[in-house]
Amino acid sequence: MPEFRDNTSPIWKKVHDIAPYLLQNDLGGESLVEFEHEEGWDLIVVNLARAIDRHVRHQAKIDPESYDLDLIYFSQVKEKKGSLRAYVTMPDAIINAYVDFAELMSETTCEVTGRPGLLHTKMGFVKTLHPDVAAERGFKPVD
């Protein structure tokens, strides 16, 4: 089970440096969102934040009322059933596509190391892991 990584963690700082508004809440204050995945997926999340930020800032120039940075943020970022789940408030089709792509990337990326990974299971839990990590942690490949 990954630790919940909050505003004291390196991933929080990286996302904050790219797009601080993604880490706020619906009242404009600091979000309570935690990164509920291991460090191997941090680069995927950072790149997701970067892609969302580029899109949102571009769209905000065109349609400021529809892309209010005070209303767009991560409501949850976690591992679920072996892949990344990222939930963003006020998504449009482009943001949804970025999130879908990040989820697909996580399905072949070890959640622990960031190396290539496959789905593994142990006692009903599933995780995407590099075979070496899976062996160390007692996980078996999913058929």
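Trainee: In β2, which residue is the bridge partner of Glu-36?
Mentor: This is a predicted model. The bridge partner of Glu-36 in β2 is Lys-78.

Trainee: What pattern does the protein follow along the sequence?
Mentor: The protein has four helices and six strands. Read along the sequence, they give α-β-α-β-β-α-β-β-α-β.

Trainee: What is the radius of gyration of the protein, and why does it agree with a compact globule?
Mentor: The C-alpha atoms fill a box of roughly 50 × 30 × 20 Å along the principal axes. For 143 residues a compact globule would have a radius of gyration near 15 Å, so the value found for the protein agrees: 16 Å.

Trainee: What percentage of the 143 residues count as buried?
Mentor: Buried here means under 20% relative accessible area. The protein as a whole exposes about 8,200 Å², of which carbon and sulfur atoms supply 56%. The share of residues that count as buried is 44%.

Trainee: How far apart are the mean positions of the positive and negative charges?
Mentor: The protein has 16 positive and 24 negative charges.

Conventions:
Residues numbered from 1 in each chain as written. Predicted model: local features only at pLDDT ≥ 70, side-chain atom pairs only at ≥ 80, totals over all residues. Heavy atoms only, no water. Pairing = 2+ DSSP bridges. Helix = DSSP H or I, 4+ residues; strand = E, 2+ residues; numbered from the N terminus. Rg over C-alpha atoms; globule rule 2.2 N^0.38 Å. Buried < 20%, exposed > 50% of the residue type's maximum accessible area, 1.4 Å probe, protein only. Areas by Shrake-Rupley, 256 points an atom, 1.4 Å probe, with all protein chains shown as cover. Lys, Arg positive; Asp, Glu negative; His and termini not counted. Charge placed at Lys NZ, Arg CZ, Asp CG, Glu CD.
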